[in-house]
Amino acid sequence: MSEFHLTGSHDDGDVELNTSSNPTFGSIVEERHSRRTIMGGMASVAALFGLAGCDIGETPTTDSTVSAGASGATTSGKTVTLTGSSTGATGVLWTQVSGPTVTLTNANSTTATFTAPSVAAATSLVFAFNSSGANNVVSIAQTTVTVSPAVLGFNAVAKNLLDVVTVPAGYSVSVLYRLGDPINAATPAYANNGTDTNFAGRAGDHHDALYFFGLGATTGLRDDNSSTRGLLAMNHENISAAYLHPNGPTSVGGVRPEAEAIKEIEAHGVAVIEVLKGTSGWNYVQNSTFNRRITPNTPMDIRGPARADAQMRTAFSPTGVAGRGTVNNCANGYTPWGTYLTCEENWAGYFRRSSTDNAARTPKEVVALNRYGAAQGASGANGWASVVPAVAGSTVFAKWNASVLAADATGDFRNEPNQYGWVVEMDPYDAASTPRKRTALGRMGHEGAWPANFVAGRRPVFYMGDDSRGEYFYKFVSAAAWVAADATAADRLSIGDKYLDNGTLYVARFDATGNGVWLPLVFGAGAVTAANPAYAFANQADVLINARLAADAVGATKMDRPEWAAVNPVNGEVYLTLTNNAASQRPLAGTDAANPRHYNDPKGASNSAQYGNPNGHIIRLRETGDNPEATTFQWDIYAFGADSDLNAANINLSGLDATNDFSSPDGLWFGRPQNASGQVNPLLWIQTDDGAFTDKSNCMMLVAQPGSVGDGAARTITNTDATGATRTQPTFVGKAPGLSLRRFLVGPKECEITGIDSTPDGKTIFVNIQHPGENGTGASPTSFWPASQTGGTGSRPRSATIVITKDDGGVVGL
C-alpha cells in the first residue's frame, strides 16, 4: 500500500491512503486553486480521477456542500480558529489562498488553527475549505481573516499581596525549576528542611536573569529556532541563608562551619539545564548531559586587556591569567554566536579586609578599594573567609580574605576583588568548557551586557548598567566588524575572543538639552592619564580594572541605580531602568534632567516618609543615525514609577492608574524578533524589585508597547523636600503610556520578579521568582511559595523558574 502525504500550503504529517494511481486530495486542491470557477460563494472542480466526457467549461455535479464560516478580524500574535462545515464529505482540507504565509494546524479537519502573523497595517488572509464528496468532486468555500497590528491582549492584573503568582485570565502558570532541584541522576530529591547538601549538583538559590538556547528536538544540536527543546542558562545571584540550614546559619566564635559555607558558596553562580516541552507541558531534564552548575569555585580564564596585569595576580594565579568562580550574578546578555554572558554585580561585599589593611597598601590601592566598596575592616558577607578548611592548604575560603598577608600579591589574595566585577562568557552547549572573563568590558557592579542589534559590517555593541545609586551607564564597542558567518562557528568562545577582547569602553553623559555623549574610557585620553589627581592611571588595564574611577574622571552622569537595559529589536532604541534613589544620594538640589525627581511617597498606614526617588523611572535613548557605534544620542524618560494617587503634575508624570502603577523598575526585556511580540511594535516587559510600594502590592511584571524617543515633550516639574523647600527641574517626558502599559503578573510574598525570556515562537515565557519570603526563617516562613501556588502550606519558600503559556496557544502578551 502506498502512502501519499497531503500537499499544498501545509503538511502536518498525516497521510491519505489510496491504493490507486489517482492523484491525492491535496494535489487536486492545489491544482483547483489555479483553475477555479466560483458559483454562489462555492466552487467545484473535476476531481481529475480519470473522469471523461466533460465538455470544456462544464462543471461536474458535486455530492458535498461546504461552508468556510463568516469572515473575521484579529490582531497579530493571536490564535485564530477556522471552522468549516460540510455535508456528504469523505475528506476535508484547509489551505491558504493568499496573504502572509502561516502554518495551519489540523488542516485536514473541519477546525484548523494558526497564529496571526505580524503586520504593520490591516492585512487580509484568505483561506479555502475544501471538501471531497463520494464522487470525488471537490467543493471549495473561502473565508477572509483580516489581521491588524499587535495590541496588548489581556486584562490587567490587580495589585495584590497574595502568596501566589497571579496572571491574567486565559493564562496558565507552572513551576519548572526550584532551589535544590537535582540536576543529575546521582543527586537525591530536595528535602527542603536545611539538611540538603551538594548544591554543585542542584539548582542554586535566588534565580535571576535567564536565556533560552534552542536544541534540535531529535538532533540535540544547537537550533536557534527550536521552541520545544532547549537549554536554560540562568544566574543564581544570592542566597536566603535562613532557609538553607536547619536553623539558619551558625558560627562559633566568629568561625563559620565548613559544611555550611560550602553549601552557601555552591548555591551561588550559574546553571545550565535542559528543558523539554511534552504533551503535559514543560519539564527540566534531570539527567541531561548538558546540565551544569558554575559556582564561585569553578575555574575561569581571564581574557582581554587586564589579563596578566599585576593587579590580577593572586596566590591561585601568580601570573594573573586565571581565577576561580563567579559570584553575585545578576543580569545577563547573549551573543548571536550562541554564548551566554553572565554579569557579576554586588561582589565587593563578600570580601574581608582587616581593620589595619590600609597601612599595608599604596594610596592608589586604597582609593580603588574604597571606590568599589571593599573598605578596610569589612567582615565579608556570610563570613566565608573565617572557615578553617578540613584539607590543609586549601584556599577555597582564604580567597575571600583580601587583606595583605604576604610579601607580595602572589602569596595572598589581596587582589582577589580585582578578579570580580566582570562580564563572563560561557558556552551553554559545552559543559566541559572553561568560562572566560571579558575584561575589555570593564569592571564594575555589572547588571548586565545587552547587545545592540547585529548588522553585518557594523561593530557589535553591548550596553551595561552599574547597579548602585549614583553609578553610570556604559557601552562597549568591539574593535571587529560583525561577520554574519561567525554566528554559526563551532568554536563559540574563540568567536568571543574576536569580538569581546578588543574594543572601546564608553560611559554616558546625559545633557540637559535632551541629547547625550558617549565618553571614551581610553588611557591617555582626556583626564584618564597618569596625571589625574584623584587616581593616577597606569595603562589601559588599569583603566578597565578601575572603570568607575575612569568614569568619574571624564564627568559621566550619575544615575538613580542604573540596572537592566533592553534594545528594541525593530528601531534599536535602548531602554534603561533607573530603579530608585534616596534623598541622601539625590537631594533636592541634586536632581538633573535625566534624574529629575525628588519627592515623598508615604508608605503604609503610618504614612512613613520616603523622600528621594523611591519609585524610579525608565530612561531611553536613540543613537545618532540609529547607529549604536555613534558617540552621541537623544534621550527622554519613557515612564516614571509612581503610585497612581500621587501628584500628577510633579510625581506621577506618566499618568499611571490602578492598572499600571508600579515602583522600582528593574528587569527589562523585549519580545524576540522571531515572533509577533518582537516585530513592528515590540512588547517591552518590565519587572520590579520594590520596597517602596510593597504596602500596596507584591512585586510585579508589566507589559508595554512603548512608542519611541521624542514622542512626548519637554516639561518642568517642581520638587519638594522634607523641609517643604521647592526647586524646579526641567526634563523630557515621553508620551503617557495609557492603555499601552498594563500589569501582567504579581508575584508571591516578599519576592523579586527578575529574569525573563521566551521560546522563539513566543508561546512560552520563562520568568524567575527570586527570594519569596525573604524576611522569614525556617521555623517561621513568611511565604510558602511555590508550594502555595497549588494550595500547599508549611513548606519553606524556594526561588524558582516558572513557565507561562496562553491557554489558546497564542503568543504570550498579545
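Which residue follows α4, and is its phi positive or negative?

Analyst: Helix α4 is followed by G373, and the phi of G373 is positive, near 85 degrees. The model is predicted, so local features need pLDDT of at least 70 and side-chain atom pairs count only at pLDDT 80 or more, while totals for chains, interfaces and linings use all residues. Residues are numbered from 1 along each chain as its sequence is written, and side-chain values use heavy atoms, with hydrogens and water left out.

Helices here are DSSP runs of H or I with at least four residues, strands are runs of E with at least two, and both are numbered from the N terminus. Helix α4 covers residues 363-371 and packs against helix α7, residues 547-554. Two packed helices are described by the angle between their axes and the distance between the axes. For this pair the angle is about 90 degrees and the axes are 9 Å apart. The two helices are therefore roughly perpendicular, a label for angles of 65 to 115 degrees; under 35 is roughly parallel, over 145 roughly antiparallel, and the rest oblique. Axes are lines fitted to C-alpha atoms, for helices over the stretch in contact, and angles run from 0 to 180 degrees between N-to-C directions.

On the α4 side of this packing stand V367, A368 and R371, which meet R548, L549 and D552 of α7. Contact means heavy atoms within 4.5 Å. The residues of the contact divide into three nonpolar, no polar and three charged. Ala, Val, Leu, Ile, Met, Phe, Trp, Tyr, Cys and Pro count as nonpolar, Asp, Glu, Lys and Arg as charged, and the others, Gly among them, as polar.

Within α4, the residues V366, A368, L369 and R371 are buried. Buried means under 20% relative accessible area, exposed over 50%, and partly exposed in between, with a 1.4 Å probe and protein chains only. Their cover includes α7 and also β27, residues 469-471.

T335 lies in the loop between β21 (329-334) and β22 (340-344). With a relative accessible area of 4%, T335 is buried. Leaving aside neighbours within four places in sequence, T335 is in contact with L341, E425 and F462.
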